[in-house]
Amino acid sequence: MPRWLRRLGGKLLAWVIVIALICIGATIAYRQIFPSDAGQDTATFVQGGGGKHHTNKVLSTNPWEAVRAIYDTIGKPYPPATRVEKVCLSMSEEAQVQFARDLGYPDCATAVPALNAKVTDITPYIYAVRPMSSVVPRQNLTIHSCWYNIRGGPLLGSFTLQEVEMGQWLITGHANSPEPCPAPPTGN
């Protein structure tokens, strides 16, 4: 084999090795900077930083919309994991426990798909909750499901909401609907 051909082959091999090492180094650096969330459950991922209402806008900025979103999410045919994530992460941990217990389930993740199975008519169910007043109180508000004509699925009870960081509304409490139902708020 001529000498020039051996040198050319050696240089090509050296370049292939250098490029492979650069790719391996770049992959390691990328994985250090942007770790994968594959295989993590929702709770573990949220604890890692993404999706926290303390630092990100992830909740509704309107209390009625926050409750409407619960009905909307339970009523629509989302994938089960997405449905559980949307409903349960819009509530504090205490509210998740109350929600599940009040509706007869062991936890929020079990309650959400079971409630979805009880929805018989999606459209009236997901559009039943709407603002009762244009006046949005500051701090706390309780929205009772019995204020609305809920058809096509289960009545979900009363939600207590609290305004948190960045003007967002977090569901902080739950109870079954009171008897008799209190009057809805008024105002324009």
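**Reading a predicted chain, one feature at a time**

Q: In which element is the place of Val87?
A: Val87 sits in helix α4. Helices (DSSP runs of H or I, at least four residues) and strands (runs of E, at least two) are numbered from the N terminus. Before we go on, note that this is a predicted model, where local features need pLDDT of at least 70 and side-chain atom pairs pLDDT 80 or more, while totals for chains, interfaces and linings use all residues. Residues are numbered from 1 along each chain as its sequence is written, and side-chain values use heavy atoms, with hydrogens and water left out.

Q: How many helices and strands are there in the chain, and how do they run?
A: You will find seven helices and three strands. Read from the N terminus, the order is α-α-α-α-α-α-α-β-β-β.

Q: Is Val87 buried or exposed?
A: Relative accessible area tells you: buried means under 20%, exposed over 50%, and partly exposed in between (1.4 Å probe, protein chains only). Val87 has a value of 0%, so Val87 is buried. Across the chain, 32% of the 188 residues are buried.

Q: Which residues are in contact with Val87?
A: A contact is a pair with heavy atoms within 4.5 Å. Setting aside neighbours within four places in sequence, Val87 is in contact with Ile70, Thr73, Ile74, Phe99 and Val112.

Q: What share of the contacts in the chain join residues at least 24 apart?
A: Counting contacts between residues at least 6 apart in sequence, 63% of them join residues at least 24 apart.

Q: How many residues does the largest nonpolar core have?
A: Here is the general idea: in soluble globular proteins, nonpolar side chains tend to be buried together. A nonpolar core is a set of buried Ala, Val, Leu, Ile, Met, Phe, Trp, Tyr and Cys residues joined through side-chain atoms within 4.5 Å. In this chain the largest one has 32 residues, and Ile74, Phe99 and Phe159 have the most contacts inside it. Two or more residues come from each of α3 (63–75), α4 (80–88), α5 (93–102), α6 (108–117), β1 (140–144), β2 (158–163) and β3 (169–175). The most come from α3, which gives six residues.

Q: What does Ile74 touch?
A: Leaving out residues up to four places away in sequence, Ile74 touches Arg83, Val87, Phe99, Val112, Leu115, Asn116, Val119, Tyr125 and Leu156.

Q: At what angle do the axes of α4 and α6 cross?
A: Axes are lines fitted to C-alpha atoms, for helices over the stretch in contact, and angles run from 0 to 180 degrees between N-to-C directions. The axes of α4 and α6 come within 9 Å and cross at roughly 115 degrees. On the α4 side are Arg83, Val84, Val87 and Cys88, which meet Cys108, Ala109, Val112, Pro113 and Asn116 of α6.

Q: Where is Gly173 found, and is it buried or exposed?
A: Gly173 belongs to strand β3, and it is buried because its relative accessibility is 9%. Beyond neighbours within four places in sequence, Gly173 is in contact with Ala95, Gln98, Ser158, Phe159 and Thr160. Twelve residues along the chain from Gly173 is Leu161, and their C-alpha atoms are separated by 6.9 Å.

Q: What does Ser177 touch?
A: Ser177 lies in the segment after β3. With a relative accessible area of 21%, Ser177 is partly exposed. Apart from residues up to four places away in sequence, Ser177 touches Ser145, Cys146, Leu155, Gly157 and Ser158. Ser177 and Asp102 are 75 residues apart in sequence, yet 9.8 Å apart in space, C-alpha to C-alpha.
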